[in-house]
Structures are given as C-alpha cells and as structure tokens.
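Here are my notes on this one, as promised. Have the model open while you read them.

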Amino acid sequence: MRKLWPWLDALVWLGIAAPLLYLSWGLWMDRLGANPIQEITHQTGRWTLRFLLVTLALTPLRRLTGWNGWIRWRRRLGLAAFFYASLHLLLYLWLDQFFDWSEIGRDVLQRRFLTVGLLAYALMLPLAVTSTAGWIRRLGGRRWRRLHRLVYLIAALGVLHYWWAVKFDWRPPLAYGVVLVILLLLRLRWPFAPQTSSRTSRPLARIASERPPDRRS
Amino acid sequence: QARRKANPGPYDTDEPWTSYEDITTYNNFYEFGTGKRDPSRNAHRLRTRPWTIRVEGLCHRPGTYELEDFIKPYTLEERVYRFRCVEGWSMVIPWLGFPLAEVIRRAEPTSQAKFVEFTTLYDPEQMPGQKVPILDWPYVEGLRLDEAMHPLTILAVGLYGKMLPNQNGAPIRLVVPWKYGFKSIKSIVRIRFVEKQPITTWMKAAPHEYGFYSNVNPNVDHPRWSQKTERRIGEFRKRKTLLFNGYADQVAHLYEGMDLRKYF
C-alpha cells in the first residue's frame, strides 16, 4: 500500500489540475465556443461544486470501505474547490463587471443567485484559512471540526446558486442537489457500517502533528 | 477580417458581421437541447422539406402553403441586423428574408385582428428536446399587429447569402431586431391572426421574467441578468446595450405613452 501512495497522490493532483489545464488549452486553441468567457465562468463554477461533492464523499467512503486513507486527500480537494470558486468569482468581477464596484454591489443585492453565491464564497474563506496544521492546533480538534461543518452549508448554497442561475433547465443543478443529499444522508449513523477505529479523527490528528517544513530539518 | 456590407440599406447596420461559424454553433434552440452547441449537433434531424405553413385566424385569405409557394411571391433581400439575446450576448447577422408585412397584407387580416401568433413545429422525433418538459411545447410567440407590420420585422430563410441552417431556425423564422432573441421564433409552421394578446411560451414558463413585449431595454432589468451591457460575440470588453437594440429611431413610436417597465 505504501508504495502506492505517491501514485495515488499524483492522480489526485492531476485530477485537480485537469480542469484548469483543459480550460487553458481550450482558450489557447479557441475550442471553447463562441463565448469562451462565459464558458470558462460556467465551467469553473461547476468544477467548484464537483470538488465540493468529492470532498464530501470522502467521509462516507471511509465509512463504507472501512479504509481511513480517503481522508488523506480531503484538505487538498477542499482547497481545490476553493481555488475554482476563486477563479469563478474573479471571472465575474473582472470579465463580466470589469471591477465596476457600484454595479457589482447592486447586482449582488438584487439577484438572489449572486447573493447566495457570494455568501457561499465568503463562508469558504475561513475554512481555507484554517486548513493548515497550525490552525488545527490553534483551534483544537473539536472547535476546528465544528467550524468546518460549514462545508455542508456551503455546498447547499452552491447548489442553490446554480439552481437560481439557470434560465430554465433545472436538470443539471438538480443532479448536483441529489448527489449532495445522498452524501449528507450517508453521514447519518449507519447501523451496518464497518467500525472505523474511533470517532476521534485520526487523520486530523495526523495533520495537526505535522510540523511546518522549515522546522523539520 | 470580419465582413461588412458594402452598401448598407436604410435598415442595415454597417457593423462587422459575426462569423458564420459563431452564428451557426452558438444557438439557443431548446428543441434540440439546452446547451449552446446542442442545436448545431442535433438539428440535422429536422426535415425541412416538405414543409407546410398555415396562415389562419382572423383574416380574409387564410391558406395552407408548401414552403416554396409561400415564399415565391416575395423578393429576398439581405438585412444586416444586430441580434441581442436576453442572456447578455449579441451578434451582427446578415439575414436573407422578406418583410412580414407583405405576408400580412396578402392574408388581409380582419379589423378584429390585433395580434399575430406564431408556432414552431411540434415533432419530438425530429426535435428531441421536445421530449423534455422544460417548456410547454410547441414554442409559441406573438407580436402586436403594428409590430408585425413594421418594415424591420422580417421572415428569414437564409443568412450569409445561404439557406438558413437548421440550428438557426430553418426553413423559415421570424426576425425582430429590436426585441430579445427569443421573440424571433424559429421553424414556423403556423401564423395566426388573433384578437387577444397571445400567451407566449416564455411568459407561460416564467411570467415575472418574460413579458409579451420583451423589447431590448437597458433600463429594465431582468431578474437574472442586468440588461445594461452585453458582450458582442468575438469581443472582449462588454458594450453598453442600446434602447430597442439601437433601433429606437425606427420603433420607439410604437410604444409611445406606454410604461415600458410595466409592459416589459
């Protein structure tokens, strides 16, 4: 198993970078259709939701498989979601509104899909900031975990943002919503689940015990 | 280098044309799927010959025509129009068509007729998008009679000097350049004169978002999109949206005394 880690890690990194590479390639080769800016904006939004859902799938996967290894990628995938959300927001601020802040303010207050979208992003900020080992130590596992439960709300707001943003074809946002609901239901106590070693999260302890790289030598 | 019209007529814009590629691969035509590329991929299923058009309702000379017979009396002309989608993008399209007014005069609407209603083909086998109940099929649009008679309003059968591609509404579609694109109904099989304002497909789907008039208007926000600006396909910066899509001089008189916020 240990020998596999580097390969699995590389695979996860590739998965995180792939959408960005694809969109950059598409932009360079002019393969994103007649309205590439809108295409990239929509795609980064969808990839934010996908990475959020994948992140939320790790705990149920751990329960179903009894293997703790999944959690190894949780932080990385959560930060990937944050990265694509940042791109998504930046594209709106820059290429849609050209940093016209008064218009942006009006737009966000007036259109509920923008209001919930921005709210979801604002809630992601503290989670991204406290994703480091130092912050886990500083907050303590219990408080840190409580804070990071915000991810459920963030994912729900993200789906709502998508739902309200589409003109009329509600099928794609519905699909994301269904997956989210399933992932949340799988979190309920499950009588047949294989016992994971304990309720106190080992992976979290492992992350918290990491030393900053500069002190490692 | 984008093409322009050498000798623009009174109804033409002299702006550079959007590329044929973009016009024919970036479409909203939900009958063939809701993605922008779906229509260009799926519209080959549509058989545009034979094609029958019915002219009916409150008129003295109703009739059922084969497409060729329907078009025959009219002279085709090129009209280069701005095209503004409600989603905030726009194009410049060289249509080939003829004024709807000529069709209306030939049908001789009665004095009761106040509106014209248009209907798209309904055939889920050819139009697979109609198997999905996202809209109340078939697609229906409408114009007030004076809007329909306006010289800018045309029925188009081609673009870029060629036959209309299926994804652009073959074999015959409406083009009303001062209204949002969805008013310009595609693949028409019925033109009907009515007394009451028709309930259009988008009004039925979302009455708060889509009104009957749907005139391009930067001062009336759509709940989903600000309509102040638009991105011309092929351009990077967004540009300001013009009242009546820049056709105010020609059409503003049609709406004199009307509250455009109420009649959006």
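The points below cover a surface patch and then the salt bridges.

1. Ground rules. This is a predicted model, where local features need pLDDT of at least 70, side-chain atom pairs count only at pLDDT 80 or more, and totals for chains, interfaces and linings use all residues. Residues are numbered from 1 along each chain as its sequence is written, chains are lettered from A and ligands numbered from 1 in the order in which they are written, and side-chain values use heavy atoms, with hydrogens and water left out.

2. The greasy bit. Look at A:Leu90, A:Trp94, A:Phe99, A:Trp101 and B:Phe236, which make a nonpolar surface patch of about 540 Å². Patches take residues with over 30% relative accessible area and no salt bridge, joining nonpolar side chains (Val, Leu, Ile, Met, Phe, Trp, Tyr) within 5 Å and like charges within 9 Å. Areas come from the Shrake-Rupley method with a 1.4 Å probe, and for residues only the protein chains shown count as cover.

3. A:Trp101 sits in helix 4 (residues 101–110) of chain A; helices (H or I, at least four residues) and strands (E, at least two) are DSSP runs, numbered from the N terminus. A:Trp101 counts as exposed because its relative accessibility is 54%, given that buried means under 20% relative accessible area, exposed over 50%, and partly exposed in between (1.4 Å probe, protein chains only).

4. Across the chains. There are 31 salt bridges over all chains, each a side-chain nitrogen of Lys or Arg within 4 Å of a carboxyl oxygen of Asp or Glu. One of them pairs A:Arg106 with B:Asp221, closest N and O atoms 3.3 Å apart. A:Arg106 is in helix 4 of chain A and B:Asp221 in the loop between helix 6 (201–205) and strand 11 (229–232) of chain B, so the pair joins two chains. Both ends are partly exposed: A:Arg106 at 33%, B:Asp221 at 22%.

5. Within chain B. B:Asp12 and B:Lys5 form a salt bridge at 2.9 Å between the closest N and O atoms; B:Asp12 is buried at 16%, and B:Lys5 is buried at 18%. B:Arg61 and B:Glu108 meet at 4.0 Å, N to O. That pair links distant parts of the chain, 47 residues apart, with B:Arg61 in the loop between strands 1 and 2 and B:Glu108 in the loop between helix 4 and strand 5. B:Arg61 is partly exposed at 46%, and B:Glu108 is partly exposed at 36%.

6. Worth a last look. A network of salt bridges links B:Glu15, B:Arg82, B:Arg84, B:Glu230, B:Arg232, B:Glu235 and B:Arg239.
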